[in-house]
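Here is a short tour of one protein model, written for someone who likes to know how each term was computed. Please have the sequence and the 3D view open side by side as you read.

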Amino acid sequence: MVPTEQIRFTRKNIAKTFGSASESYDVSARLQRFSGKHLMPWLPEQDDLTVLDLGSGTGFFTDLLASKYQRVIGLDIATQMLRFAQANRNESITWVEGDAHHIPLQDNSIDLIYSNLVIQWFNPLDNAVKEILRVLKPGGMFIFTTLVDGTLHELKSSWRQVDDDQHVIDFKTATQLNDVFSKQSCQLVEQKCQDIVLEYQNVIHLARELKGLGANHLANKKNRGLSGKAKWFKMTEHYQDFLEPSGIYPATYRLFSGLVVKT
Ligand SMILES: C[S@@+](CC[C@H](N)C(=O)[O-])C[C@H]1O[C@@H](n2cnc3c(N)ncnc32)[C@H](O)[C@@H]1O
């Protein structure tokens with residue numbers, strides 16, 4: 001069990017890191033674009049719906065949802081992300097600052113919740129799922145993508161050869177995700193899992209992209225300074241084991257997509 005104070009600190013930390021990435025986010029969001037579009041075929045055709053984009057980030061997909069549905073809300077924990085979204089996206093969208101663990105919306109008020117690459121930050125996930133189901137109308141849909149275990153395995157294994165610290169977030173397994181939904185009043189009616197391998201010119205390019213996405217909040221603070229640099233250099237040497245003949249560095253993202261219906 002993670003102490004409440006620690007959880008609060010981590011969420012504040014997540015909000016801050018994503019917030020500071022708001023300006024650079026859209027240029028380094030290759031994975032997000034792919035995964036978000038991947039969910040489109042699951043969107044209901046009916047347009048008279050109230051839709052929530054949970055963890056809306058810069059609002060790229062909130063905008064797409066607003067072109068399809070009548071009432072769209074974008075909710076995010078990071079103030080700067082919301083500011084960016086408000087300034088750049090469709091004026092009909094309602095922007096709400098809030099935490100997915102305490103969604104500031106009424107019970108049974110939402111027809112569809114869309115969430116692209118967000119729930120991997122939720123802790124504990126089952127509390128956030130309870131909130132998602134509370135605000136959904138009966139029969140309402142939650143469609144999402146997330147990353148699962150196996151993600152960034154090249155980076156994890158390269159670091160493992162240098163030290164025992166945690167450098168990459170622990171992702172849930174697909175089985176753990178199924179377990180979370182099986183214990184709540186809902187059904188995971190569709191699911192897909194696939195590996196997306198992105199290519200990088202070097203490890204610095206990968207680290208920059210992870211930073212641009214605000215995904216670096218677990219970066220180990222102990223590794224700052226000279227010894228940190230030496231360790232980083234060693235890790236990049238080990239990463240060369242994965243180098244492709246073309247000289248490209250691969251990074252694997254294991255993408256899980258799900259369609260949940262509230263029962
Ligand atoms: C990887 S970004 C994805 C943004 C957007 N869904 C997209 O596809 O471009 C994750 C977003 O989730 C937000 N987030 C993380 N934890 C959250 C929480 N507990 N409640 C609400 N938003 C959260 C972050 O601030 C960030 O904007």
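## Ground rules and overview

Throughout, a residue is called buried when its relative accessible area is under 20%, exposed when that area is over 50%, and partly exposed in between, using a 1.4 Å probe and protein chains only. The model is a predicted one, in which local features need pLDDT of at least 70 and side-chain atom pairs count only at pLDDT 80 or more, while totals for chains, interfaces and linings use all residues. Residues are numbered from 1 along each chain as its sequence is written, and side-chain values use heavy atoms, with hydrogens and water left out.

The protein has nine helices and seven strands; these are DSSP runs numbered from the N terminus, with helices being H or I over at least four residues and strands being E over at least two. Of its 263 residues, 52% count as buried. A contact means heavy atoms within 4.5 Å. Among the contacts with a separation of 6 or more, 77% join residues 24 or more positions apart.

Let us start with α5 (125–135). Its buried residues are L125, A128, V129, E131, I132, L133 and V135.

The loop between β4 (110–116) and α5 holds P124, and the peptide bond from N123 to P124 is cis, with omega near 0 degrees. L117 sits in the loop between β4 and α5 too. Its phi is near 55 degrees, a positive value in a residue other than glycine. L117 is buried, as its relative accessible area is 6%. For context, most residues other than glycine have a negative phi, and most peptide bonds are trans.

## Helix α7, one face in and one face out

Helix α7 spans residues 174–182, and L177, V180 and F181 are buried in it. Seen down the axis of α7, these buried residues fall within an arc of 90 degrees, so they line one face of the helix; the arc is that of the directions from the helix axis to the C-beta atoms. As a reminder, an α-helix has 3.6 residues a turn, so residues three or four places apart point the same way. On the face of α7 turned away from the buried side are the exposed residues T175 and S182. The cover over the buried residues of α7 includes α5, β5 (136–147), β6 (186–200) and β7 (249–262).

How do α5 and α7 pack, and at what angle? The angle is about 45 degrees, and their axes are 10 Å apart. That makes α5 oblique to α7. Here the axes are lines fitted to C-alpha atoms, for helices over the stretch in contact, and angles run from 0 to 180 degrees between N-to-C directions. Angles under 35 degrees count as roughly parallel, over 145 as roughly antiparallel, 65 to 115 as roughly perpendicular, and the rest as oblique. The contact is made by L125, D126 and V129 of α5 together with L177, V180 and F181 of α7. These residues divide into five nonpolar, no polar and one charged, where Ala, Val, Leu, Ile, Met, Phe, Trp, Tyr, Cys and Pro count as nonpolar, Asp, Glu, Lys and Arg as charged, and the others, Gly among them, as polar.

Helix α6 (residues 153–160) is mostly covered, with six of its eight residues buried: E154, L155, K156, S157, S158 and W159. The C-alpha atom of L155 is separated by 9.8 Å from that of A207, 52 residues apart along the chain. A207 belongs to helix α8 (residues 203–212) and, at 30% relative accessibility, counts as partly exposed.

H38 lies in helix α2 (residues 30–38) and is buried, with a relative accessible area of 17%. Setting aside its neighbours within four places in sequence, H38 is in contact with K192, Q194, L255 and S257.

## Two loop residues

N108 is placed in the loop between β3 (94–97) and β4. Its phi is near 50 degrees, a positive value in a residue other than glycine, and N108 is partly exposed, with a relative accessible area of 41%.

E91 lies in the loop between α4 (79–88) and β3. Is E91 buried or exposed? E91 is exposed, with a relative accessible area of 81%. The C-alpha atoms of E91 and A66 are separated by 9.3 Å, the two residues being 25 residues apart along the chain.
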